[in-house]
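Let's take a walk through a protein together. Have a look at the model first, and then we'll stop at a few spots.

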Amino acid sequence: MLALGKLLELTLAGREPAQKIQLTVDGVQMRWLSEGALEVRPPQARDNGGDLLLSSGIHGNETAPIELLDRLLHGIARGEIKPRNRILFLFGNPEAMRRGERYLELDVNRLFNGRHEKNIGPEAMRAAELEQLARSFFSVPDRSRLHYDLHTAIRGSKIEQFALYPWKEGRQHSRRELERLRAAGMEAVLLQNKTSITFTAFTYEQLEAEAFTLELGKARPFGQNQGVDVSRLETRLKQIIEGTEPETDSLDGLKLFAVAREVIKHSDAFLMHLPADVENFSELEKGYLLAEDVAKTRWVIEEEGARIIFPNPKVKNGLRAGILIVPTTDAGLV
Ligand SMILES: O=C(O)CCC(=O)N[C@@H](CCC(=O)O)C(=O)O
Ligand SMILES: [Zn+2]
């Protein structure tokens, strides 16, 4: 296999390849851009006008998505997968990947849309670099732009695989993209209703990409992801890459949720009243006292059908410690 197909090995070893550009047997150009960043270009005659950004390892201990991108890249480097679109592969936080940790000092996925400028350190610099790589990749006019940022969650989930769809004023969520996600095995989509500081919020809000954070199961170390079934997503990604995606026109069974409230941790006095092993999408009764914080701040459930995702009282002050969500319909999709 071509050396650049081993982007994961290079990244984990902290090595820079001697040769930065390589061609597959099939005429596909692979170009190493920077640590954990590789661009794939199909021969011009085969290019179908799509630009696809695939990222993982934004959280260094979320290895199933890293292994998935590694398999796709191997397939391309060996000439077994024949791309018809441009692809940018990104491993988000190489140092955290090497250490098997979510992050070192700062959560990279809270450093986009200007946040890296207000912080210092390697992770702030990496977020700035990721923004630059994505901006440059998505700078070619008149091409479709799609970004999947692949994650696994800290805890188990009543709904194993789901997507988060960012929000931008004046832009509507796309039904076609949700049909595609359903075909890729996603069981639910959370439709955001405000701007955010995650990677997909950046590519959606600033680079006009269709962008999704995909949650694929529970985070485990490298080689221990037998329980995370990414087969439907993997098949769909190969089809998108090769331009062989079957038409899909159904949202049947796909559960849609809206954000009711984000629970923000304001101080060290923050307390969350949930068992440590509570699963994502657990339902919460009306009247339930979810959390408390300084100045008698209380988070009491008022919403019908409320559920919690990503509860995490250990986040830094000022950050999201959980999202309260409620069921919604497809009425706002175009
Ligand atoms: O399990 C958790 O608590 C976090 C899992 C995770 O990393 N999720 C992403 C979601 C990003 C988004 O809101 O689009 C994150 O927290 O960064
Ligand atoms: Zn993550």
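How many residues surround ligand 1, and which are the closest? Keep in mind as you look that this is a predicted model. Ligand 1 has 14 residues around it, and the closest are Asn109, Arg110, Ile154, Thr213 and Glu215.

Now zoom in on some side chains there. Arginine 110 has a polar side-chain atom 2.7 Å from an oxygen atom of ligand 1. For arginine 102, the distance from a side-chain N or O atom to an oxygen of ligand 1 is 3.2 Å. And how much of the ligand does the protein cover? On its own, ligand 1 has 430 Å² of accessible area, and the protein covers 98% of that.

Next stop: a pair of helices. Two packed helices are described by the angle between their axes and the distance between the axes. Helix α5 (residues 175-183) and helix α7 (residues 231-242) have axes that come within 8 Å and cross at roughly 130 degrees. Because of that angle, α5 counts as oblique to α7. On the α5 side you'll find Arg180, Arg182 and Ala183, which meet Arg232, Arg236 and Ile240 of α7. Sort the residues of this contact by type and you get four charged, two nonpolar and no polar ones.

Finally, find arginine 261 in strand β10 (residues 255-264). Leaving out residues up to four places away in sequence, arginine 261 touches Trp299, Val300, Ile301, Glu302, Glu303, Ile323 and Leu324. With valine 300, the side chain of arginine 261 reaches the backbone oxygen at 2.8 Å.

Notes. Residues numbered from 1 in each chain as written. Chains lettered and ligands numbered in written order. Predicted model: local features only at pLDDT ≥ 70, side-chain atom pairs only at ≥ 80, totals over all residues. Heavy atoms only, no water. Axes fitted to C-alpha atoms, helices over the stretch in contact; angles between N-to-C directions. Helix = DSSP H or I, 4+ residues; strand = E, 2+ residues; numbered from the N terminus. Parallel < 35°, antiparallel > 145°, perpendicular 65-115°, else oblique. Contact = heavy atoms within 4.5 Å. Nonpolar A, V, L, I, M, F, W, Y, C, P; charged D, E, K, R; others polar. Near = heavy atom within 4 Å. Polar contact = N/O pair within 3.5 Å; in protein donor to acceptor, adjacent residues only side chain to side chain. Areas by Shrake-Rupley, 256 points an atom, 1.4 Å probe, with all protein chains shown as cover.
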